[in-house]
Amino acid sequence: MSDYDVVVIGAGNGGLTSALSLAKNGLSVLMLERHNIPGGCATSFIRGRFEFEVALHQLSGLGTEEFPGPLRNTLGELGVMDKLEFVRMDNLYRLTMPGSLDICLKADRAEAIAALKEQFPEESSNIDRFFDLLYEYCTQWIHVTMLRDPKASKDKYPLYFKYALKSTQEVFDEFFQNPQLKTVIGVYWSYQGLPPSKVTFGDFAIILWAYIEFKPWHLKGGSQALSSTLLNTYLEAGGDVRFNCGAKKIMVSNGRVTGVITEEGDEISTDRVVSNAGTATTYVELIEPEHIPNQLLRELGTMTLGTSFVSIFMGFDQEPHQMGIDQTTNFITTSPDADHVWDRSKTLSTPEWLLFSCYDVDDPDFSPKGASQGSLVTISYAKPWLSVPPHQYHEIKYAYAQKMVDTLAGVFPAIKDHIEEIEVGTPLTHMRYLGHPGGSAYGFDRYAKDTEFFIESRSPIKGLYIAGAWPGMGGFQPSIQSGVTIAKSIQKSMETQGGERS
Ligand SMILES: Cc1cc2nc3c(=O)[nH]c(=O)nc-3n(C[C@H](O)[C@H](O)[C@H](O)COP(=O)(O)OP(=O)(O)OC[C@H]3O[C@@H](n4cnc5c(N)ncnc54)[C@H](O)[C@@H]3O)c2cc1C
């Protein structure tokens, strides 16, 4: 008899949702989290009078009550939908290329198309044709991958089979002439971490389509409200949790999970572990090498750690409109060449892509009265940061942050005079708080070869499941949903094993 039916390692989105889903269905669950709060990326921290959002800029997949997205259903199933308050963003984003372009796209197909046509009239018919493809591709994708049409074939779903694995750049080049137009339509590549030349059209299309159809959302209280609500609902369902308690080892015997050893040395027996500690950490650090099949090690060896971020958290002593900020989501890029932008994210040179979110535009109560907060991020790989000598880290970090703020001030000059609080995090900060190598927030880089077409997401170790961003796509929606999918698969396997319980 085991101590628990399931031990969940990590209380990020994937850990929390798997633990809650399992506990709600009557399983005995223990969740171990090395940090002192739940959420992983989905957390907040306090400086002065501001509670800063760590990660969530735009929540995808929620949809409206009339047109619910998959995430609304998932959060409903988990029993947390009614405990949370969401704020809908009307705009996808404003994109500024200083000195040459400034455009705002609404989260609405017709209005986004109209704005694009106004800016790029010579490409009107190309824009129509592209959006027709985007929507038809996504419809076919739903039939093949979500509804799992058993009769799926190239003849029945030709666009899906033609475009899923093409690079996004190839598709842009097929439809558009103007590089700026490609930049405007393609800016969400950064939510996947790879530039259009490297991210598949399949992955990119779903992101753009989902934000238009299901709208981008913000959460009252930030993503910490979601994490805390998931945790509280889990505790109400009878789940156990230990904070400040990392898992040190997953015990394996004869190819099966047998338990977990905590960093404090406690041994907890279980037949099933859900690891939210990321694929790399789980297989490289938590399990002894002799239990990892060679094939899996070879596969892992072909993957590269995905991007992390440099994040600047700013508390302003003014409201957004007083500083000329009228959109929540603002992309700023100083280069139309996404490959160049991405190459720079592997160096400590001035970043050429920024995302600035000012949550108070759509949620005026987010910050104290008369104030507001902004999160300024750029994608950044850990490697160059890891080679910074410790005694130079602070100087280099703040010089880098200063360049980001200077670029932002080029678009919003007033901000510089109104920064009351400022905090900077680098990939090393994310490494420390998440425990993921490279501080990766999306998992591995997701090239075509790393997609579900070629990678088996089930673990070869019986009883081991990996939840969160690493085994699939990164982001809130995929990581939240991965936990629920895993919980269902655990319950199914327990039912087929005759309900064997601890
Ligand atoms: C700056 C930033 C901005 C982002 N913006 C967005 C956005 O706008 N929209 C969006 O959809 N996504 C966004 N993301 C990505 C999104 O936040 C992540 O992909 C997602 O939250 C990852 O969830 P996860 O389930 O993989 O868990 P993680 O958040 O990776 O958490 C893993 C948890 O496991 C714990 N852990 C690790 N090792 C151990 C161990 N050995 N023992 C116990 N616990 C352990 C960690 O402490 C952590 O709590 C952003 C991320 C960042 C960093």
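Predicted model: local features only at pLDDT ≥ 70, side-chain atom pairs only at ≥ 80, totals over all residues.

The report below goes from the whole chain to its domains, its core, the ligand and a few loops.

## The chain as a whole

The chain holds 16 helices and 19 strands. Along its principal axes, the C-alpha trace spans about 65 × 60 × 45 Å.

How does the radius of gyration fit that of a compact globule? For 502 residues, such a globule would have a value near 23 Å, and the chain has 22 Å, so the two agree. Of the 502 residues, 49% count as buried. Looking at contacts with a separation of 6 or more, 72% of them come from residues 24 or more positions apart.

## Three domains

Domain 1 is made of three stretches of the chain, 6–78, 222–303 and 444–496. Domain 2 covers 109–214, and domain 3 covers 307–434.

## The nonpolar core

The largest nonpolar core has 137 residues. Which of them touch the most other members? They are Val6, Val7, Ala19, Val29 and Ile250. Helix α8, residues 201–214, gives the most to this core, with nine residues.

Leaving aside residues up to four places away in sequence, Ile250 touches Val257, Val260, Val273, Leu286, Ile287 and Leu464.

## Around the ligand

There are 40 residues around the ligand. Which of them come nearest? Gly10, Gly12, Gly40, Gly468 and Gly475 do. By kind, the shell divides into 16 nonpolar, 22 polar and two charged residues.

The shell also draws on separate parts of the chain. Domain 1 and domain 3 each give at least three residues to it. Among the helices and strands, α1 (13–24), β14 (308–316), α15 (427–434) and α16 (476–496) each supply at least two.

## Loops worth a look

Arg148 sits in the loop between α4 (124–146) and α5 (158–163). Is Arg148 buried or exposed? Arg148 counts as exposed because 8 other C-beta atoms lie within 10 Å, and the cut-off for exposed is 12 or fewer. Asn244 is found in the loop between β9 (240–242) and β10 (247–253). With 12 C-beta neighbours inside 10 Å, Asn244 counts as exposed too.

Where does Arg458 lie? Its place is the loop between α15 and β19, the strand at 464–466. Arg458 has 11 other C-beta atoms within 10 Å, so it is exposed. Arg458 and Pro471 are 13 residues apart in sequence, and their C-alpha atoms are 8.9 Å apart in space.

How values were computed
Residues numbered from 1 in each chain as written. Domains from an automatic or database assignment. Core = buried A, V, L, I, M, F, W, Y, C linked by C-beta atoms within 7 Å. Buried ≥ 20, exposed ≤ 12 C-beta atoms within 10 Å, placed from the backbone. Helix = DSSP H or I, 4+ residues; strand = E, 2+ residues; numbered from the N terminus. Contact = placed C-beta atoms within 7 Å. Near = placed C-beta within 6 Å. Nonpolar A, V, L, I, M, F, W, Y, C, P; charged D, E, K, R; others polar. Rg over C-alpha atoms; globule rule 2.2 N^0.38 Å.
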